[in-house]
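User: I would like to learn how to read a few local features in a model. Please take them one at a time.
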Amino acid sequence: MSTPGLILSRRQTFAFISPAFAIIAVFLMFPAVWALYLGLTDLELTGIRAVMPEFVGLSNFVRVFQDSFFYNALKISLVFVFGSGIIGQVGLGLLLALLMHREKSWIKTLVAASAIAAWIIPDVVVAYLWVAFLDSDFGLLNRGLKLVGLGPVNWLFHYPLFSIILFNTWRGTAFSMLLFSAALQTLPPSYLETADTLGASAWRRFRDIILPLLKTTILTDVLLITLWTFNVFTPFLLTGGGPSFSSEILPIYVYRTSFKYFKLGYGSAISTVLLLINLAFALVYLQAKRRQKKW
Amino acid sequence: MVSRFRWPKLFLLLLLGVGFFLPLLWLLLTPFAAEPTLAVKLPSLSLKSFSEVWQNRTAVLAFKNSIILSLGAMALVLGFGSLAAYALSRSRFAGKDTLLYLLLLFSSIVTGVAAMVPIYALNQKLLLIDTLLGVILVFTAGFLPTAVFILKDFVDGIPRAYEEAALVDGSSSLALFRYVAFPLARPGLAVIAVLTFVSTWANFLVPFVLLRSSEKVPIAVAIYQFFTEVGIPRIGVISAYSLLYTAPVLAVYFWISRRYGFGFFGGLKG
């Protein structure tokens with residue numbers, strides 16, 4: 001290794017990093033802090049309160065915790081994160097990775113290619129695909145149900161929360177699947193062969209060999225998926241949060257308050273609460289990641 | 001695993017694979033249908049939906065806007081990101097680790113609608129609402145932290161000997177960056193360039209919140225407006241447009257995963 005010589009002086013270093021940091025400071029860091037301040041005002045999107053907002057102290061924050069729409073959205077978000085994030089993306093991703101491990105059939109290619117396509121196709125397009133897929137008259141799902149004598153079901157109207165959970169599971173499982181597949185690659189084949197020779201059951205192999213190996217990967221994945229799912233806005237494109245707020249997850253509620261009802265001040269107070277929840281998850285995630293590097 | 005489980009395992013895998021595949025089918029078939037509907041059926045082939053896209057003024061304008069946004073964000077992230085990554089790799093100063101940690105922390109927290117509320121208010125103050133520049137700056141700030149991290153890893157892997165030799169020959173630091181480090185980091189720069197391009201290209205939320213006039217919106221918002229518009233069903237245009245819009249994203253993913261594995265894509269996606 002070469003000695004860490006001074007290729008750049010202190011002044012040059014500063015000059016090199018300042019353009020990037022100026023943009024990050026203004027458009028990424030400042031807004032996060034400013035949200036807290038805006039939450040203390042009655043800023044609105046239009047009208048007199050847009051130009052001259054008044055300082056209203058903590059009243060917005062007090063209101064958040066008395067707001068039945070906030071609790072409704074929080075409850076729906078929890079179900080959504082648990083259903084589509086933990087059970088859906090992490091659970092199904094793990095199952096797929098296990099089923100695909102050391103499998104070479106064309107079926108594996110079909111699953112991997114479809115799941116990855118679902119994951120990388122842009123938001124508006126996947127949303128439209130699901131509007132078509134779930135359509136009560138023409139949709140492929142109802143056509144399929146008809147073949148076995150069921151339906152038709154108006155999914156987005158009668159089962160909106162279930163629909164967006166199913167949608168978001170389909171949308172994001174590929175990430176977990178790829179992460180777990182990569183982790184399984186590091187598993188020495190001899191372990192499973194030995195277990196086979198000893199006649200271990202599938203459950204024992206999973207519990208005693210695979211689970212300990214994947215423990216840290218699962219933790220990382222759960223934290224990331226929770227953080228992402230908590231902030232995802234795409235269900236808005238499917239249901240708009242309705243009917244009558246029954247699929248209104250927190251991001252949709254923030255959108256409605258801030259940009260449909262124009263209450264930027266109150267919207268900022270809710271956003272601050274969400275950003276603090278994000279902060280908690282990000283801190284745990286970075287801590288876990290740091291510890292993994294040391295091991 | 002064990003052979004006695006192979007058939008039930010493959011059957012379950014097939015079932016899940018079909019589940020993942022079916023919603024995609026519409027995108028593959030409908031753009032080519034002579035009479036496009038929400039139903040999936042083997043179409044009587046026609047390319048008329050594609051020609052309708054090119055005759056639609058909004059669609060063509062939005063295509064141009066998407067290119068401007070994506071190229072703009074790409075240029076800024078690449079230029080400023082590589083300068084910063086180079087400096088962070090080649091120098092030591094107090095608080096460097098804290099700075100990197102804060103970058104990572106903020107880039108994972110400031111996401112989604114919650115971040116869009118203060119960003120909207122900020123752009124309004126700076127007179128950047130409803131401007132493409134405002135959207136480009138927000139994307140640039142969002143992608144720069146990840147880009148700096150990935151690029152710093154690449155630069156860390158380049159031996160210092162070349163630069164030290166050039167330094168002895170009397171080159172300036174900007175020349176070191178421009179003629180020595182920059183060319184050597186080219187593979188990393190290529191990845192960052194295409195990832196920034198497609199992430200901007202695919203994003204819906206940021207332009208949806210920050211742009212108001214219909215002649216400024218990118219493809220993502222134009223497609224949304226097509227399908228929320230009441231009146232004439234535009235299913236043909238939407239499906240063909242969606243396919244044209246999606247194709248570059250799929251191509252880039254394919255190229256990157258071939259060369260570098262999937263990890264890179266995850267980094268910039270959220």
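User: Is L127(B) buried or exposed?

Analyst: A residue is buried with 20 or more other C-beta atoms within 10 Å of its own, exposed with 12 or fewer, and partly exposed in between, the C-beta atoms being placed from the backbone. L127(B) has 9 such atoms within 10 Å, so it is exposed. This is a predicted model, in which local features need pLDDT of at least 70 and side-chain atom pairs 80 or more, while totals for chains, interfaces and linings use all residues. Residues are numbered from 1 along each chain as written, with chains lettered from A and ligands numbered from 1 in the order written.

User: What is the phi of L127(B), and where is the residue?

Analyst: Most residues other than glycine have a negative phi. L127(B), not a glycine, has a positive phi of about 60°. L127(B) lies in the loop between α5 (112-125) and α6 (132-156) of chain B; helices are DSSP runs of H or I, at least four residues, numbered from the N terminus.

User: What is the phi of R102(A)?

Analyst: Phi of R102(A) is positive, near 55°. The residue sits in the loop between α4 (68-100) and α5 (106-120) of chain A, and counts as exposed because it has 11 C-beta neighbours inside 10 Å.

User: Which peptide bond is cis?

Analyst: Most peptide bonds are trans. The bond from G242(A) to P243(A) is cis, with omega near -5°. P243(A) belongs to the loop between α12 (235-239) and α13 (250-260) of chain A.

User: Why is α6(A) called largely enclosed?

Analyst: Eleven of its twelve residues are buried, so the rest of the structure largely encloses α6(A). Among the buried residues are W130(A) and F133(A).

Methods
Helix = DSSP H or I, 4+ residues; strand = E, 2+ residues; numbered from the N terminus.
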